[in-house]
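Here are a few notes to read alongside the model. Have it open and follow along.

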Amino acid sequence: MERAVFYLRLFPGTEVEYDRRHEAIWPELAAEIGESGLRNMSGFRRGTDVWYYVEAEPDVKSAFAVHGPKPKNQEWGRYFRDVIAEISTPEGELIWYDQIFHAGGEPLPGPKSRGFFSLVIDPERAADYEALHADPWPDMMAAIHDAGFRNYTGFRRGGSVVYYGEYYPDMDTVFGKIAQTEVNTRWGQAFDGIITTITDADGALLTASEVFHQD
């Protein structure tokens with residue numbers, strides 16, 4: 001199984017219509033998604049920016065090669081021609097992010113929520129950002145686990161970094177817990193000069209709202 005994130009951009013003013021069209025996914029499309037090997041697929045929107053997290057069997061390239069030409073998927077794409085301004089590279093590929101971090105763990109009992117947030121790094125410091133995440137501190141990983149993060153995965157494309165996670169019981173509670181730990185403070189300090197933007201003007205994480213989910 002491979003985890004992935006791809007990006008698309010909406011025409012300004014079509015945000016509400018985009019959300020409305022995702023309120024009820026065609027049953028035939030849902031069936032095609034599953035038949036193609038795509039699981040736990042969630043779309044998140046902030047303004048005109050939209051990201052999709054997905055888990056693919058056996059891998060992303062194979063699953064999307066199967067899914068792309070399916071008839072309902074093709075029809076779904078045509079349905080959004082007047083809403084989506086950008087969804088692919090000049091070469092016709094989806095705009096993929098590269099996975100740079102993952103913290104797993106067994107699911108917890110009780111409620112959970114899915115969540116998504118983004119941040120910006122100095123592109124010239126991308127190697128430093130990835131090096132820290134390639135060999136994360138054991139005490140930081142333990143704090144992530146203990147706070148209730150599960151399936152917490154980071155992806156990067158240029159200076160844009162995004163994180164998908166499943167939070168027990170919810171995102172606000174989990175981030176509130178980890179913010180109280182000493183190791184999280186030290187971890188944040190390690191990214192001084194690397195992360196340029198991680199919160200909005202009010203100090204809140206740059207989150208995106210879930211507009212679609214398909215198990």
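Predicted model: local features only at pLDDT ≥ 70, side-chain atom pairs only at ≥ 80, totals over all residues.

1. Residues are numbered from 1 along each chain as its sequence is written, and side-chain values use heavy atoms, with hydrogens and water left out.

2. Start with helix α5 (residues 126-134), where A126, Y129, L132 and H133 are buried (under 20% relative accessible area, 1.4 Å probe, protein chains only; exposed means over 50%). Down the α5 axis these buried residues fall within an arc of 135 degrees, so they line one face of the helix. A127 and A134 are exposed on the other side of α5.

3. Next, look at helix α6 (residues 138-147), which packs with α8 at an angle of about 120 degrees, the axes 9 Å apart. Contact here (heavy atoms within 4.5 Å) is made by D139, M140 and A143 of α6 and V183, N184, R186 and W187 of α8.

4. Two peptide bonds are cis: E57 to P58, with omega about -5 degrees, and Y168 to P169, with omega near 5 degrees. P58 lies in the loop between β3 (49-56) and α3 (60-67), while P169 is in the loop between β8 and α7 (171-179).

5. Check N40 in strand β2 (residues 38-46): its phi is positive, about 45 degrees, although it is not a glycine. N151, in strand β7, also has a positive phi of about 45 degrees. N40 counts as buried at 13% relative accessibility, and N151 at 10%.

Definitions and conventions: Helix = DSSP H or I, 4+ residues; strand = E, 2+ residues; numbered from the N terminus. Arc of directions from axis to C-beta. Axes fitted to C-alpha atoms, helices over the stretch in contact; angles between N-to-C directions.
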